[in-house]
Structures are given as C-alpha cells and as structure tokens.
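Welcome to this short tour. Please take a moment with the sequence and the 3D view, and then read on for a guided look at the main features.

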There are 2 protein chains.
Amino acid sequence: MKLKVYADRMSQPSRAVLIFCKVTGIDFEEIKVELSKRQQLSSEFKEINPMGKVPAIVDGRFKLFESHAILIYLSCAFPGVPDHWYPADLFRRAKIHSVLDWHHSNLRRGAATYILNAVLAPAFGRSLNPQAAAEAEKILSLSLSTIENVWLKGNGRFLLGGFKPSIADLSMVCEIMQLLDEKDRRRILGPHKKVQQWIESTRSATSPHFHEVHNILFKAKTKFQVQRSVHANSETESSLKTTISSKM
Amino acid sequence: MKLKVYADRMSQPSRAVLIFCKVTGIDFEEIKVELSKRQQLSSEFKEINPMGKVPAIVDGRFKLFESHAILIYLSCAFPGVPDHWYPADLFRRAKIHSVLDWHHSNLRRGAATYILNAVLAPAFGRSLNPQAAAEAEKILSLSLSTIENVWLKGNGRFLLGGFKPSIADLSMVCEIMQLLDEKDRRRILGPHKKVQQWIESTRSATSPHFHEVHNILFKAKTKFQVQRSVHANSETESSLKTTISSKM
C-alpha cells in the first residue's frame, strides 16, 4: 500500500514533507487537507492526527504526525533515501537533532507568529496585529542571525557545514519561504547574505520540486498583498478617526 | 575522557539530562553553570554552547546542546542504556520523536511561560505578569488534557502505552515538576488524574535520582512562595492606590 501524505501546500511543514518525498523518489499519494475549509478539524482527519494539524502520514497501519518526526521516519523507512538527508553517523545525526529542536522555539516561533499577525490573520477572520508582528520579527531576525553565525559556519553551502542538504535545511528553508512580500524579504532577509545563499542552494538542490510545491504560495502572494493593503488603508482611516476624535 | 554535563538543576531540561545519566549509569561529570549568576552567557561557556543555554554536553571532542538531542545522543552513544529509553524499533522511535516535537510548542511553551510570569520573573529583575501567566496556563492545561487523552492512551503507565519510561516521559515530567506551588498544582494538575499517576510512575521508575536532582527545586519552593506573596501584597496595595486615586 502506497504511503499517504496528508497535507496543505499552504502549510510550511507540509511543503517540506512533500518536497522531501518528491526529491527522494518516495512513491506516495498526496491527500489534500484544506486548512481554509477547516478540514483538518474533521472527525475523519482526527482519526489520523488527533491534534488536527497537517502534515500527517499513513504508511500501511502506521500513522504519524509532526513534520520533523515524519522526515526522520521517511529517511529511515525508505531504503533508497540518500544518507545526507539524515546521516547514519552518530555525531552528524545528533547535530541535526540539535538544529531541528532549536528550530521549534526560535525560527518557527518567529516566522510563524510574524506571518500570522502581519499577513494571514484576515484569512482566519482575525485582524492583523502590527505590535505582535513587530515582536515576532525581532525573534525571526535574531534567529536568522543565529543561522548565519552558528548553523551556517563552515565551508559547506548547507547547515552544519554540509555539502549536501539535510532534512533540517529543507524544514527551515520552507519556514522562511513564508515571507512572500518583497518589502518583508528585503527588510528581514536583506542583512543576511549567507542565509540568502543557503535558501538558493536548498532551492537548487531540490529543483524542480521546490518550485512546484511552492507554486501555490507564489500565486497566493497577490491575494495577501491586496488584503494587507486594504487593512493598511483601513488602519490609516481608523487612526485618522482616532486623531480627530481625540482632538474633539 | 569522562562525559561532561553542563547544567543548572534549576533548569528543567538540565534535570532531565542529569537524571537520565544517573539512572542509566553513565559515568559523567556534572559542571554547574549558574543561571542566577548568568554564567551561561560567559565567553567560556559560549565556546561550548554558542546559544548560552543549559544543558550542554562535551563528550571527548564532541559538543552538543538541546536537551532532546542530548538524550537521544546519550541513548545511542552509551551501549549500556536499556532500549526502552529510546527504542531501536523504527515505529516506536518515530512516535517518540513525534511526542518530543509536540512538547516544544505545547507543554514546554505553556509550562515555561507560566512559571516565568507567575513565579520566576522577580529572580530576573522583572515584574510578575498575571495576564501572561493566565494565557500560558490555558496552553498548559490544554497540553495536559492532550497528554491524558492522546499520549497516555493505552494500557501502559507511560506515554505511548509504554510499560517502561522513555526519554519523552522524563523530559515532559521534569517540565511539569516546575509547578511547585501547592495551589498551582491542585488547580492545574487536579483535573488530570492520569497525568498525576504518570508523574508518580516516572518518579518511581527513576528513584532515588529523581528526588535527589529535584531537591534544589523543592528547597527553592519556600523562597518563591515568599516572593510571590510579597508581590501579591504589593499588587493589592497598588490596586488599592489605583482604586483610591480613580475615585479622587
């Protein structure tokens, strides 16, 4: 029975798992769980992942969720996966675990919170929150500095001085790809040349799948930019009203 | 050369690593890094962990940080460690990765943020923040419900239906042990009988090391309770002042 990957390409960890399966030639079926239709909360999907989140996989009778755990499982369960994705070497593997753990409370926390409050909130019926976005941007920028100064130290083009990508490169680059807006990218990624090169190296090492899986996001860019500018305008109007009323 | 564990017993992931080494009989040297003296930020320690956090280990020429990565490394690098801590079986191991990943953004986020804002803030020269504590308590309570309904499902006394503890049990129970205050424990842990039994099972499976390593925390309890009641009194005074001044 073919591996089933439950995913929404709008979700960054879903994209990491899909790209991984495609680039390593794992035979799988992609099953769309549309977050915008709240399909992840259906009782049917909760049989697969009780947390109601994507991605999740079903491999025969085995069910699994959490993208890092999935990437590790796939690397070990499918014999054809090249070693560089999740090295068998004890020390290199330990370092990859360390980066993946770090990712949760740093890069992911910064990037996901920023995107939610600066871009996605209206899609969930909430207002944009510039203050929360600004705080998240600080965590994100600090995380990018750490990637540049700690994780990208060494001669290789990838994390931990690697010459080929690991699951950590893929997971973290997919996280950063959420930054779609050109102004955001220039401001946030601009100061981090090594991070930019690393994104490019990861994209190129997983081509053409990287672009194909991200395509939905590139298409959504225009929509989010319109939403953001509508919100910015209504913010200006409301702050104008506040200024006027406070002067009354 | 003996394994070196850099730790502060006041830190929950430090305690997990120390208990693990003791209970599995790993020969190691504990090197104290006092967080209250900001020793984790010294240039000497940053040579070991550039993130300036505990725990970290040095095993010969190999350095590693992030407690989950350390627990996995130790389980694999020391041949005498019993299999139940980090099973070789592909499927059981994958499930343990899934719980450990989940821990970061759920139980840890709730517990650590709650403790910081409800108890520890004054130790870092900050004020307690009851609103942030209340929000964190919601995440913490939701995480405890998930542990009870998802992770503790099955016949065993441990996570994932296990009959013996894994590194995930140890890591997560140490996180919860931060809840020292009796009122906090009654209110937050009270509704979760299975969680209480699981804490007791983990404590008993790692006895006497669990108690010995937590001892510093039990001793700190009185100090924190005094700080908290002083803060509560000054809060009352200041809210009284606000009430009075708003009536003037």
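Please keep in mind that this is a predicted model.

In chain A, four strands make up an open sheet, and their order is S2-S1-S3-S4. The pairing in this sheet is mixed. Strand S2 (28-32) and strand S4 (62-65) of chain A are the edge strands, each pairing on one side only. From one strand to the next, the twist averages 20°.

Helix H3 (residues 67-77) of chain A packs on this sheet, where it touches S1, S3 and S4 of chain A. The direction of helix H3 makes about 135° with that of S4(A). Within the sheet, strand S1 (residues 3-7) and strand S3 (residues 56-59) of chain A run antiparallel and are joined by three bridges. Here Tyr6(A) stands opposite Ala56(A) in S3(A).

**The sheet in chain B**

Chain B has an open sheet of four strands too, in the order S2-S1-S3-S4 and with mixed pairing. Its edge strands are strand S2 (28-32) and S4 of chain B, each of which pairs on one side only. The twist averages 20° from one strand to the next. Strands S1 (residues 3-7) and S3 (residues 56-59) of chain B pair in the antiparallel sense over three bridges. In S3(B), Val58(B) is the bridge partner of Lys4(B). Across S1 and S2 of chain B lies helix H1 (residues 12-23) of chain B, running at about 150° to S1(B).

**How the copies are related**

How can chain B be laid on chain A? A turn of 180° with a shift of 0.0 Å along the axis does it, with an RMSD of 0.0 Å. The two copies are therefore related as by a two-fold rotation axis. In chain B, the C-alpha nearest this axis belongs to His104(B), at 3.2 Å. Of the interface residues of chain B, 100% are also interface residues in chain A, so the copies meet through the same surface.

**Aromatic pairs**

Over all chains, the structure holds 14 aromatic pairs. One of them brings together Phe62(B) and Tyr73(B), with ring centres 5.0 Å apart and planes at 40°, so this pair is tilted. The pair links distant parts of the chain: Phe62(B) is in strand S4 (residues 62-65) and Tyr73(B) is in helix H3 (residues 67-77) of chain B, eleven residues apart.

Are these two residues buried or exposed? The table gives the reply.

| Residue | Relative accessible area | State |
|---|---|---|
| Phe62(B) | 10% | buried |
| Tyr73(B) | 3% | buried |

Both values are under 20%, the cut-off for buried. Finally, one aromatic cluster is formed by Phe62(A), Tyr73(A) and Phe91(B).

Definitions and conventions: Residues are numbered from 1 along each chain as its sequence is written. Chains are lettered from A and ligands numbered from 1 in the order in which they are written. This is a predicted model: local features need pLDDT of at least 70, side-chain atom pairs count only at pLDDT 80 or more; totals for chains, interfaces and linings use all residues. Side-chain values use heavy atoms; hydrogens and water are left out. Two strands pair if DSSP finds at least two bridges between them. Helices (H or I, at least four residues) and strands (E, at least two) are DSSP runs, numbered from the N terminus. Axes are lines fitted to C-alpha atoms, for helices over the stretch in contact, and angles run from 0 to 180 degrees between N-to-C directions. Contact means heavy atoms within 4.5 Å. Copies are superposed by least squares on the C-alpha atoms of residues with pLDDT of at least 70 in both. Rings of Phe, Tyr and Trp (its six-membered ring) pair if their centres lie within 6.5 Å; planes under 30 degrees apart count as stacked, over 60 as edge-to-face and the rest as tilted. Buried means under 20% relative accessible area, exposed over 50%, partly exposed in between (1.4 Å probe, protein chains only).
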